[in-house]
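Me: I would like to go through one chain and learn how to read its features. Where should I start?

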Amino acid sequence: MRDEWEGFVAGVVKSATKVLFDIIVTVEVTKDYNNKILFQVDFNVNHAVFKSRKSPQNLVETSLATLQYMNRNQSTSPTDLKISVPALCSAFPFLVIFDGSLQIQQLGSSLARLLGPFLSAQEKDFSKYFELLDPKVQLTFPSILGRKNGSFLLRVKFGNEDSVSPDAVELRGQMIHLPESNCTLFLGSPRVESIDELQGSALFLSDIPLHDVTRSLFLLSEQAVVQDGLKKSMEQLKIELQKAQRELALEKCKTEDLLESIFPHDVAKKLIHRKTVPARFIEDVTILFSDIVGFTSICGKCAPMDVVNMLESLFTEFDRKCEQPELNKITTDRETIGDAYVVAGGLQKDCGTADDAVNVSIMALRMIDVTENVLSPEGLLLRMRIGLHTGSVLSGVIGAKMPRYCLFGNNVTVANKMESDSEPGKINISSTTYR
C-alpha cells in the first residue's frame, strides 16, 4: 500500500503544477531523507509532506510567459485558422454562430441551404430564424450562457412564418461559448426518427455527417423497419402456406376418394403411395354387363348434347347405387361406345363369395328401376339389357398417365355374352351365378 500511496501523491503533484502554473516538474520517489527529500510520508497521521526541486525554469518567468500567451493578440484573418471556414461548415452542417446581440455570424452548410432563400444580409437576428423550444427561457445572450451546460432544442423558422410547418426542422444540440470573439456556437443535429421524416423536412441522409450518431440511428431505424416488414411478410406467407396446406389436404382427400371409387380399396392405396400394382388372379368374381336398348338409333336421331345429358343423368344414378364397398365400377374397352356400364363384386379379396353375387344381382335390379324413370331425348322410356356371370378373372392396372383397372379372361367374355343374349328390361344370369 505504501508504494501505491507514493505513486498517487507524485501524480497529484505533477498534475497540480501543470494545471495551476502550466509548468512541468520532475517528481522522484527516494528513500534518502537527508539530502534529496522530495516528499515524506507519515503513516501515523495519514498525511504527506513534500518538497519539489527547483524547476528547469524560474516559476515567475514561466507564469508571466503563460499569461502573455493567454493575452496575446488574436488574429482575425480566416487564413490563420487551423481549419478553414468551409471545412468547419461541412464537418458541422447544422452549426450556428451568433454574437452577443444575437446576430448570426455563421451557418453550417445544411442550414445555409435551408435558410438561404430567406436569409437577409440586413436581417440576421437569431430569433427571426430560430425558435427556442427547450429550455423554456428568454432568448437572450446571458440566458443562453447561463444554460450552456444543458441541452437546447431549436426549431428552424423560414422567414416570417408565424404558423408552424408540419415539416419544420428541429435541432437538438449544445451551446458553446467562444470567449475570444464573445460569440456562442450551437452544435446540433436534426431531431427526426426516420429517413422519411428526414426527407419530409427537406433534408437528406448526406446532410448528416458521418461522425454524428443520428446517421447510425437512422440506419438502425430503417433496418428495424425492414425487419418488421420481413416479419410481417413471413407471417403473411405462413398464413397463406397454412391455407394452401389445408386446401391441399382437402384436395388430397378428394383424390383419394375418387381413386377408391374407381379402383378397389387395396389397389387405390397402392396407387396413392405410388407403388406398383401387380396383376392378380381372383376366383368367383361376379361381373355385370349392361347395355341400353336402341342406343345407336337414339344417337342417330337426337342431338349429341341431349345424348350426353341423358347418359349423365342415367350413369349418375348408377354410381349412387354402386357406392357399396363390395362393388366396383369397371372400365372396359366397350366404354368407347358410350352406353356400357360394368360392375364387379368380389374384387376386394382373392376369392369371391355368395354375398358378392347377391350384391351384384341387387345392383342389377336397381339399375332396371332407374331406367324406368329416365326418358330418352325423344321422350320414350329407356330399356336395358343386363347380364351376370360368376367366374375367375385376371385383374390388373393398365397405363401410367391415366391408369385403368381392367379384368381379363374368358369369364369376362361370358358375362358380356349373357348381356347380349338378354331381353330388354330383363336380367340374364348364368348358371354359375344362379348357384
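**Reading the features one by one**

Me: What relative accessible area does Asp 134 have, and how is Asp 134 classed?

Reply: Keep in mind that the model is predicted. For a residue, read the percentage against the cut-offs: buried is under 20%, exposed is over 50%, and partly exposed is in between. Asp 134 has a relative accessible area of 31%, so Asp 134 is partly exposed. Arg 172, at 32%, also counts as partly exposed.

Me: How do the side chains of Asp 134 and Arg 172 meet?

Reply: Side chains of opposite charge can pair when their charged atoms come close. Asp 134 and Arg 172 form a salt bridge, with 3.6 Å from N to O. Then look at where the partners sit. Asp 134 belongs to strand E5 (residues 130-134) and Arg 172 to strand E7 (residues 170-178), so the pair links distant parts of the chain, 38 residues apart.

Me: How many salt bridges does the count come to?

Reply: The count is 12 salt bridges. Another of them joins Glu 419 to Arg 385, whose closest N and O atoms are 3.8 Å apart. Glu 419 is in helix H13 (residues 410-420) and Arg 385 is in strand E12 (residues 384-398), so this pair ties together parts 34 residues apart in sequence. Glu 419 and Arg 385 are both buried.

Me: Which residues do salt bridges with shared partners join into one network?

Reply: Glu 131, Arg 155, Glu 170 and Arg 191 are joined in this way. One more salt bridge to look at is between Asp 421 and Lys 417, at 3.9 Å from N to O. Asp 421 counts as partly exposed, at 47% relative accessibility.

Me: Next, the nonpolar core. Which members of the largest nonpolar core touch the most other members?

Reply: This core has 29 residues, and those touching the most other members are Val 96, Phe 98, Leu 111, Phe 126, Phe 130, Val 156 and Leu 171. To read one of them, list its contacts beyond four places in sequence. For Phe 126 these are Val 96, Phe 98, Leu 102, Ile 104, Leu 139 and Leu 154. There is also a second, separate core of 26 residues, including Ile 298, Leu 311, Tyr 341 and Met 384.

Me: Where is Leu 102 placed, between which strands?

Reply: Leu 102 is in the loop between strand E3 (96-99) and strand E4 (104-107). Its relative accessible area is 11%, so Leu 102 is buried. Beyond four places in sequence, Leu 102 contacts Lys 124, Asp 125, Phe 126, Leu 139, Thr 140, Phe 141 and Ile 144.

Me: How many aromatic pairs does the count come to?

Reply: The count is 6 aromatic pairs. For one of them, the rings of Phe 318 and Tyr 341 have centres 5.1 Å apart and planes at 65°, so the pair is edge-to-face. Phe 318 is in helix H11 (residues 304-321) and Tyr 341 in strand E11 (residues 341-345), and the two are 23 residues apart. Phe 318 is buried at 0% relative accessible area, and Tyr 341 is buried at 0% too. An aromatic cluster is formed by Phe 98, Phe 126, Phe 130 and Phe 141.

Me: Which residues form a nonpolar patch on the surface?

Reply: The patch is made of Phe 281, Leu 394, Ile 398 and Phe 408, with about 380 Å² of accessible area together. Phe 281 is found in strand E9 (residues 280-292). At 51% relative accessibility, Phe 281 counts as exposed.

Key:
Residues are numbered from 1 along each chain as its sequence is written. This is a predicted model: local features need pLDDT of at least 70, side-chain atom pairs count only at pLDDT 80 or more; totals for chains, interfaces and linings use all residues. Side-chain values use heavy atoms; hydrogens and water are left out. A nonpolar core is a set of buried Ala, Val, Leu, Ile, Met, Phe, Trp, Tyr and Cys residues joined through side-chain atoms within 4.5 Å. Buried means under 20% relative accessible area, exposed over 50%, partly exposed in between (1.4 Å probe, protein chains only). Contact means heavy atoms within 4.5 Å. Rings of Phe, Tyr and Trp (its six-membered ring) pair if their centres lie within 6.5 Å; planes under 30 degrees apart count as stacked, over 60 as edge-to-face and the rest as tilted. Helices (H or I, at least four residues) and strands (E, at least two) are DSSP runs, numbered from the N terminus. Patches are made of residues with over 30% relative accessible area and no salt bridge: like charges are joined within 9 Å, nonpolar side chains (Val, Leu, Ile, Met, Phe, Trp, Tyr) within 5 Å. Accessible areas come from the Shrake-Rupley method with a 1.4 Å probe; for residues, only the protein chains shown count as cover. A salt bridge is a side-chain nitrogen of Lys or Arg within 4 Å of a carboxyl oxygen of Asp or Glu.
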